[in-house]
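Please read the points below with the sequence and the model open beside you. They go from the parts of one chain to the way the two chains meet.

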There are 2 protein chains.
Amino acid sequence: MGRIICCGLGPGDPNLMTVRAYREVRGAKHVAYFRKRGRPGQARRIVDGLLAEDVCEYPMEYPVTTELPFDSPEYARLLSTFYHEWAERLARLTRAVDIVVLCEGDPYFYGSFMHLHARLEGRVEIEVIAGVPGMTGCWNSVGLPIALGDDVMTVLMGTLPEDELERRARNSDALVIMKTGRNLKKVRRALCAAGRLDEAWLIERGTTSGERVARLKHMDEAECPYFAIVLVHGQGRRMEVIECPSA
Amino acid sequence: MGRIICCGLGPGDPNLMTVRAYREVRGAKHVAYFRKRGRPGQARRIVDGLLAEDVCEYPMEYPVTTELPFDSPEYARLLSTFYHEWAERLARLTRAVDIVVLCEGDPYFYGSFMHLHARLEGRVEIEVIAGVPGMTGCWNSVGLPIALGDDVMTVLMGTLPEDELERRARNSDALVIMKTGRNLKKVRRALCAAGRLDEAWLIERGTTSGERVARLKHMDEAECPYFAIVLVHGQGRRMEVIECPSA
């Protein structure tokens, strides 16, 4: 019996893969990964040039991305069928071989692999390798500590209602806002209302060669991709020791 | 002129170091790291057996840990002097050589290195290598997704006031509570009051050979070390697609 090895690949720079993930990727005979229709796929791009020449690839292509509202029953039905079919296919494959599933970031942190995990748990041996989360790559690209001392950090999705985004932006020291793409206007309004827009950064494709880091207030929202993350840095609650001694 | 290369080493398992950090650690001629007095040091322990034989080591030993209340002026003064002196020493050393500073987890995420970073920025070339944060290692050890869909995740320090811990535990889907050690009784009371104690996990030394994962409600608080993290997993807001299709 084979296993499923889900490799967190980190934020984008292949050198930020863990030693363990790197080893699995290099030795893989069968790799599966999610991608949007007609796209190479974020995870697949990270391992470019690292896979064995004779590797078997299984691109798991989403049946739908933004054509349907994500809270419609039709969207739910299509995605559910998609995850179900791929879970069955991977389960069949593991009767003979190991499958390495490639995942950007960390698999347990808002990762799509969890839809397969929930359907395969208990039926197939699954190993999950932690990765540097995408947000960690993004705050590394800014080059400032995201949180210090007693800071409270909140991770939010840009898909949340505007009033919730505003309230949480007011009540947190540090903020990470994911899934910003088509929600960027709303995210910007919420941060502005909370008095946090001036502190906010927008990071696209953090740690990759296409990385862009900018103050959110200077960004043209028309050109903001889905993969961008908005960060507001904490200032370090109870961090008096950061000051130099007067003596 | 030399540089300072601050390596995030990940949560504890050396195989969860990034490829880039691993390379720097293996090639280092001079390494510095924080540790408590008389202890080997968390970061130093991760690279055991990986350093060159003739490496120069600079253990940066905290002058104080829990002997003084951390909000006392004396504590602040002692730590401030300590960071100042080490920043000056590292600045002098980089006139001749590169210094690799070893940091557990990710340096920009509540990392002590930031006290040096703030004092050295603009004077010395500093490179920071992202690492898998300690919390990511911990939720990997539990083997469940920490957050999914539209979950809101909050990172809190156990040092916060009890009423704030309780309020935030009520208002978040997923919770990460760090610096639990001597605050564990308070953290437990706050989670209980918020109705979240039954869902909480306590993870000690996640991803290391000494790892322990337990339900918080079953834990004996007398034996809880400073390095433990409490997790409450999100359930996945708006995640209808996780269900299998009825068709």
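1. In this predicted model, the C-alpha centres of domain 1 and domain 2 of chain A lie 26 Å apart. The domain assignment places domain 1 of chain A at residues 3–132 and domain 2 of chain A at residues 135–232.

2. Where these two domains touch, 7 residues of domain 1 of chain A are in contact with 8 residues of domain 2 of chain A, and the side belonging to domain 1 is made up of 4 nonpolar, 2 polar and 1 charged residues.

3. The largest nonpolar core has 150 residues, and those with the most contacts inside it include A:Leu231 and B:Leu231. Leaving aside neighbours within four places in sequence, A:Leu231 is in contact with several residues, among them A:Trp139, A:Ile146, A:Leu175 and A:Trp201.

4. Chain B can be laid on chain A with an RMSD of 0.0 Å by a turn of 180° and a shift of 0.0 Å along the axis, and the two copies are therefore related as by a two-fold rotation axis. The same surface serves both copies, since 100% of the contact residues of chain B recur in chain A.

5. Between the chains, 54 residues of chain B are in contact with 54 residues of chain A. Helix 3 of chain B gives the most to its side, with 7 residues, and by class this side of chain B has 31 nonpolar, 14 polar and 9 charged residues.

6. Strand 6 of chain A, residues 153–157, is joined to strand 6 of chain B by 3 bridges, and the two strands run antiparallel; in this pairing, A:Met153 stands opposite B:Val155.

Conventions:
Residues numbered from 1 in each chain as written. Chains lettered and ligands numbered in written order. Predicted model: local features only at pLDDT ≥ 70, side-chain atom pairs only at ≥ 80, totals over all residues. Domains from an automatic or database assignment. Nonpolar A, V, L, I, M, F, W, Y, C, P; charged D, E, K, R; others polar. Core = buried A, V, L, I, M, F, W, Y, C linked by C-beta atoms within 7 Å. Buried ≥ 20, exposed ≤ 12 C-beta atoms within 10 Å, placed from the backbone. Least-squares fit on C-alpha atoms with pLDDT ≥ 70 in both. Helix = DSSP H or I, 4+ residues; strand = E, 2+ residues; numbered from the N terminus. Pairing = 2+ DSSP bridges.
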